[in-house]
4 protein chains.
Amino acid sequence: MLHVAKKTEQTHPVVITVRAPDSTGLVAGIAGAVAQAQGNILDVGQHSDVDSNWFGCRLEVDPSVDAALLGEALDELAASRGLTWEIHDATERRRIVIVCSKTLHCASDLLARVSIGALLGDVVAVVSDYPDAEALADRHGIAFHHVPAAEDREAQERALGAVLEELDADLVVLARYMRILPAWLTERWAGSMINIHHSFLPAFAGAGPYTRAHERGVKLIGATAHYVTAELDAGPIIAQDVERVSHRDSVEDLIRRGADVERSVLAAAVRLHLENRVMIFGNRTCVFD
Amino acid sequence: MLHVAKKTEQTHPVVITVRAPDSTGLVAGIAGAVAQAQGNILDVGQHSDVDSNWFGCRLEVDPSVDAALLGEALDELAASRGLTWEIHDATERRRIVIVCSKTLHCASDLLARVSIGALLGDVVAVVSDYPDAEALADRHGIAFHHVPAAEDREAQERALGAVLEELDADLVVLARYMRILPAWLTERWAGSMINIHHSFLPAFAGAGPYTRAHERGVKLIGATAHYVTAELDAGPIIAQDVERVSHRDSVEDLIRRGADVERSVLAAAVRLHLENRVMIFGNRTCVFD
Amino acid sequence: MLHVAKKTEQTHPVVITVRAPDSTGLVAGIAGAVAQAQGNILDVGQHSDVDSNWFGCRLEVDPSVDAALLGEALDELAASRGLTWEIHDATERRRIVIVCSKTLHCASDLLARVSIGALLGDVVAVVSDYPDAEALADRHGIAFHHVPAAEDREAQERALGAVLEELDADLVVLARYMRILPAWLTERWAGSMINIHHSFLPAFAGAGPYTRAHERGVKLIGATAHYVTAELDAGPIIAQDVERVSHRDSVEDLIRRGADVERSVLAAAVRLHLENRVMIFGNRTCVFD
Amino acid sequence: MLHVAKKTEQTHPVVITVRAPDSTGLVAGIAGAVAQAQGNILDVGQHSDVDSNWFGCRLEVDPSVDAALLGEALDELAASRGLTWEIHDATERRRIVIVCSKTLHCASDLLARVSIGALLGDVVAVVSDYPDAEALADRHGIAFHHVPAAEDREAQERALGAVLEELDADLVVLARYMRILPAWLTERWAGSMINIHHSFLPAFAGAGPYTRAHERGVKLIGATAHYVTAELDAGPIIAQDVERVSHRDSVEDLIRRGADVERSVLAAAVRLHLENRVMIFGNRTCVFD
């Protein structure tokens, strides 16, 4: 429906994602559609949320599958069972826009990964409210857009929104962007804007998490990558991790140790998203990894 | 085939496990069988090993499924696709025998878990080559069998084998049993005998792993739960975990810290096995958790 | 001052803990006192909190040290530098009281550890507002005190306080005790009452943490052991750990997985406390491990 | 002795490291020397290895300490107690040389960290037996030296050795360099050459660790950073970490997941070394973190 695979040089599996109201026989129906299209299922991940009657399914299928036939078979199911589906193949490359402020370890890490081919996407631009990231973008031969703070806060937000539209981003990554986005922007990019928060959410949501973690004397610090929603730091969580700390660690030490967790959690979330391994249901996610 | 569900008081899901030579349409066939039997699939785990053409699948199905119908449908598939299947329901309770020597933290931990209902099985006896575990068994009101070392090593092995047969064990747990078992015994209990080794295998296989870990100056120690095969510490791995250590830790400290990892790794492996989440293929395992 | 070592059968190190207002030369003074008493320092842990000018130090000294001489030397320093000190040796065994409600995995785990000598202390009683733990206490040959809920909440609190006094507890462990204690009780046991909270504090403080973690869709759950203060779940943290979870885990699964983290975190905190490795400063702790 | 602090702009602590044959009163002597030089001790780490009678100590001292006086006081102790000492301050910046082959994630990660000031050192060159890293070095404005494989293996080794000498490296980082170094080279850089091995040593030492890990069916993969010695993958371990994997991971997946562990473990080891937190004794390390 959304995307039919371009069929060139397929060595990676084809990924099929399906969402539907839960009902008996759905897996049988979908697996039958794949069989009809001569596809061999390599991996299945499936989840039913009883409370909301939500069904989600992700299949990896041998690239020899006949995508046109498969699409037809899924369309039939779509009509009878109310499901929506997508087919993704390895030739699909998303347009990623990195948005950051002055702290650059996350942006720098994502660019280092992309530059050695570790992520299935292309970074098309770096956008920032500060000029600091320009040298980093230049070093990777990537466009830089400066959208500075302005007296009129809404003007800056509109400018940012316009840049993202113009760049035709498939995925917006807030890699330590320190401004709160307005609801209209988060809604525009619902499900395709990922933020890294430098704490183990829901602990220490909002500003200054490391200072507050230090004051509270926690023994682990963490980072959380989540889809952005209108409510600050409250969107569906994709990935979290923690790192052991001790009384010896000052706030500066927490910031340094946390930086490593932030970069690996954000990179993991971006990878999972690009590999179509994340599905949102309600305010939660399925992660088929 | 092996086990048809007893249908009383089913609130837990019914678990279906299937093994087969891999072929196109297997998942569709199995899911179709479930649909035929009015079953709703709650969870699917599936794995295909390309190298050995092995296919394994685990489904959780709503307990309202008609198990007799399901069995018939799977039998049809078995004939045409060469698959073998099992159906397990929540009323199934395995007979567990714990075998240990003088170090009792693993045995003690398993009994503590069973006594509060945290494992889907019953410990029917504790067996040991030393008398030390008798008090522990007594405290839990469980039979104790002493199979002491003898001049004739093979006689002791035959005695142990006889005790396990007599107890009609479904699962034998070697909870720090310090004798090497003969091939005939490991083959008799292939796939139903779990050992805990006190290192992160394959590092430090064999005797004295903590002493050797200390000498090598490793920064993490670990534990490995695996099915027992004729080759020492080389069977299919079910679960592993590690714990951070430092230069401050003496061999005694490693033993103490390691004990915690051992008990949690062994308990995890036993739980996964009892919930039919582990499948062996070649010398490896699928763990559907 | 508080405790002079009994000098019998010392194979474990003697532990010296010192607290003082921070000033230049403190470590030199303390190490000099140990040298004066013919002690060999095996391990030093030290921490200075710049903000509060707090200094804490823990030394492990060879048991051949002359404790009387050492006490004299430290008393001199105490006069001039305002420090307080304690000397602990391996013969010291604290009286532990376990307080629990209906959920028994933590109490059961602590008793299993104590019964195999894994903790430097003796459990003198189990106390509960429910009768459920009595069988557990009996099995270990330990006194059980039932302090049931009453119409008059304060009466129950006074009864609990009286039992703890009568038992002459050195350490009170709240092993999933589900009542909130009044300030007078937490103040009476300040620094010697440890609670396990079933979340990664400060996330999900208060009731029902697993249900709230499930709703929020977190990818890690945790447990926190802390000293109890008048403010609920807000006392100095001793130990924390987390466990990976996924969308597949129901609230019941989180409870089961969390139980393992709770028991190991609580046991770690109790061990650290009994080995005099924890010092409180402000609302935080130093943990010299 | 080796290095006396340059006293400009000291905001970071001064670090003193001491090694000696163990004897009573050493800590008192060292702490006394610091007190004599008006130094305030901020942190002490100390370790005594009973077996080899080795004593090592690391102190962080307020930068207001009089380094000349301190040096004199330590020299006196050196004469009487046989100790060796070093004083390091924050102005000290080591010359780092990165040596790599075709796999660049570790080199790329180190350069990304250095470029944002996250490591206390300067990368003065990238050296490789392949041309692939040249673009990476260029991007960071860093010299690149190509030392290609040659028919005469020893000639290539001599060429590499000559480049390292010429660069006057303080620290050589083997960031996935795939050639085995001759003993004369590892001995020349003893204690100042760090390698990252892509397994949890001592498991899977040597070539192809991920392939072997996959065959063995391990549930965790790891990485190990260690000082290089003449014996392959057997030098003193500085840092190790692991990552959870499953049956779903192919060898390629292990390589990808492992890459993240490798980069963070190597970066941690380099940071610990540059902050003078690592001391070698025998074939092991103390890490004062």
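A crossing of two helices is called right-handed if the near helix is turned clockwise from the far one by less than a right angle, and left-handed if the turn is anticlockwise. In this predicted model, helix α3(B) passes helix α3(C) in a right-handed crossing.

**The helix pair**

Helix α3 covers residues 105–115 in chain B and residues 105–115 in chain C. The two helices pack at an angle of about 155 degrees, and their axes lie 10 Å apart. Angles over 145 degrees count as roughly antiparallel. α3(B) and α3(C) are therefore roughly antiparallel to each other.

Which residues of α3(B) meet α3(C)? They are S108(B), D109(B) and A112(B), and their counterparts in α3(C) are S108(C), D109(C) and A112(C).

**How the chains are related**

| Copies | Rotation | Shift along the axis | RMSD |
|---|---|---|---|
| Chain C on chain A | 180 degrees | 0.0 Å | 0.0 Å |
| Chain C on chain B | 180 degrees | 0.0 Å | 0.0 Å |

For chain C and chain A, a rotation of 180 degrees with 0.0 Å of shift along its axis superposes the one on the other. The two copies are thus related as by a two-fold rotation axis. In chain C, the C-alpha nearest this axis belongs to A203(C), 2.3 Å away. The same surface serves both copies, as 100% of the contact residues of chain C recur in chain A.

For chain C and chain B, the turn is 180 degrees and the shift along the axis is 0.0 Å. Here the residue of chain C that comes closest to the rotation axis is R139(C), with its C-alpha at 2.8 Å. Of the interface residues of chain C, 100% are also interface residues in chain B, so these copies meet through the same surface.

**The sheet in chain C**

Chain C holds an open sheet of seven strands with mixed pairing, in the order β7-β6-β5-β8-β9-β10-β11. Why is one side of β7 and of β11 left without a neighbour in the sheet? Strands β7 (143–146) and β11 (237–244) of chain C stand at the edges and each has a single partner strand, so one side of each stays without a neighbour. From one strand to the next, the twist averages 20 degrees.

Within this sheet, strand β8 (residues 171–174) of chain C pairs with strand β9 (residues 193–197) of chain C in the parallel sense, over three bridges. In this region V173(C) stands opposite I194(C) of β9(C).

How values were computed: Residues are numbered from 1 along each chain as its sequence is written. Chains are lettered from A and ligands numbered from 1 in the order in which they are written. This is a predicted model: local features need pLDDT of at least 70, side-chain atom pairs count only at pLDDT 80 or more; totals for chains, interfaces and linings use all residues. Two strands pair if DSSP finds at least two bridges between them. Helices (H or I, at least four residues) and strands (E, at least two) are DSSP runs, numbered from the N terminus. Axes are lines fitted to C-alpha atoms, for helices over the stretch in contact, and angles run from 0 to 180 degrees between N-to-C directions. Copies are superposed by least squares on the C-alpha atoms of residues with pLDDT of at least 70 in both. Two residues are in contact if their C-beta atoms, placed from the backbone, lie within 7 Å. Angles under 35 degrees count as roughly parallel, over 145 as roughly antiparallel, 65 to 115 as roughly perpendicular and the rest as oblique.
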